Amino acid sequence: MGAKQENGDPENILPPIEQELSHELDTKVKKYLRGEGANLEVLKDKKLKGQLSVREDLYGISAKAAAKAEKWLMPSKGGYLEAEGIEKTWRIKQDAINREVDISSAKNQYDIVLPDFGPYTLDFTSSGRYMAAAGRKGHLAVVDMKNMSLIKEMQVRETVRDIVFLHNELFFAAAQKKYPYIYNRDGVELHCLKEHGAVTRLQFLKNHFLLVSINKFGQLRYQDVTMGEMISNFRTGLGRTDVMLANPLNGVVALGHSGGTVSMWKPTSAVPLVKMLCHPGPITAMAFHPNGNLMATSGKEKKIKIWDLRKFEVLQIIPGHAKTLDFSQKGLLAAGTGSYVQILGDFSGSRIYSRYMGHSIVKGYQIGKVAFRPYEDVLGIGHSMGWSSILIPGSGEPNFDTWLANPFETSKQRREKEIHSLLDKLPPETIMLDPSKIGTVKSAKKKDKPTKKEKEAEMEAVVEAAKGTAIRKKTKGKNKPSKIAVKKKKIVERAKRPFLEKQMEEENVAKKQKISEEISLPTALQRFARKKATA
């Protein structure tokens, strides 16, 4: 059986399946449309009316294309916890979730107890397939999270402060006691980066192939891992820091300092791009939203703040302490302190975070790092006695793009991707606060104020041009040399007048500013007023 459309045309009768699909697409199109269309009938200007109608058509076409892409290219939908009645989602325990999920998801819920090597820090690859774990007492391990198999583990027999994967799972860097080291997946030491010193935190910018480190003396270094070249080396001048993170949107590295400030850096600037006072005390943790526009910070005064980086203003202040923070791909915020992890969510779209889930590990375990696993509803927790994994429904992106990150990629695909990423490597100059400026035309600078010598040279040129002005010959008696000299003098004075008037205006403005400064200061402090050097 078929169903007729509203126009009643028998040729446009749709089968039931296609009718259902078209109805589903219509609902998705409404989600991508920019509100109600403008009423163009009231416009009298035909040209404006035509331009706006074309633009409205383009909006409709783009909304349909986005709806089709969501329908056919993103078939999976993310799950989430939904409470019934007066039940609260944060009261649902991991045991209750484990009883309801499938076998493959239940495997992601486990505890690894290694009391002799903790506390542990974790890092995942961009595809979420592999995890690197580093124990403070020298234990390094690489785990395949799909098969739950150990690829390699080793004991370096010295302190390890941080670990980070490089462009893929074949290489990782570990910040050890004296220097950072680069290892391959088989545990073979490839490089010892002695120039970096005793590093406390590491970050890797995969689009730029830059390894970023901050050592215990507050020195920030950028090193290109493709050529081994040291791109930049800066002294932050703000002391030792244990908080460093890279913004996923623009590659800007943010540091959290003991004075409560957050500074943002790029490799081509020796001074911070932004220095903002976020907390009255030391910064304990920091995290960036995947869209790069939101930042979460935590301070010793037991407050978590959500910042809008487009305006550099606070959106929300959440009471509570956090030793570690992390955003998921879907925007959930995990905050860990002591032996408790709290997950906050923005479900209204108003960027106001509320409590979503909570999880308590064994009492006495101290959480050191929380990290969401990409493309999975899993949260990894590194603590003093090993590491744990819990299920957080709705945290991971359900649809992955194989061109960006493929959890099921083969060795051939990995090699091809590595070559393509090297060819597409971005130079360090592309790291900036507003990456949308890349590819635009640089606006012309305003003309600088001319110096005194330039003004004098301009006036002399005008005077010389005035002196060379030809004087028209007149009747007998009016061409005497004395009268010609008077006429030339008047021409020169007329040419000089604009320059002299402008000079007098500037002097009057300077006198008024000086008088206002003297009036604003008390008599006892006027001798400390800044005196401008006379030209």
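Here is a short tour, from the whole chain down to one loop.

First, some ground rules. This is a predicted model, where local features need pLDDT of at least 70, side-chain atom pairs count only at pLDDT 80 or more, and totals for chains, interfaces and linings use all residues. Residues are numbered from 1 along each chain as its sequence is written, and side-chain values use heavy atoms, leaving out hydrogens and water.

Start with the cartoon view. You'll find seven helices and 28 strands (DSSP runs numbered from the N terminus: H or I with at least four residues for helices, E with at least two for strands). Of the 535 residues, 37% count as buried, meaning under 20% relative accessible area with a 1.4 Å probe, protein chains only.

Next, select 283–288, which is strand 18. It belongs to an open sheet of four strands, ordered 18-19-20-21 with antiparallel pairing (strands pair if DSSP finds at least two bridges between them). Strands 18 and 21 stand at the edges with a single partner strand each, so one side of each has no neighbour in the sheet.

Now pick 294–299 and 303–308: these are strands 19 and 20, joined by six bridges. One to look for pairs Leu 294 with Asp 308.

Last stop: His 321, in the loop between strand 21 (313–319) and strand 22 (324–327).

Note on methods
Buried < 20%, exposed > 50% of the residue type's maximum accessible area, 1.4 Å probe, protein only.
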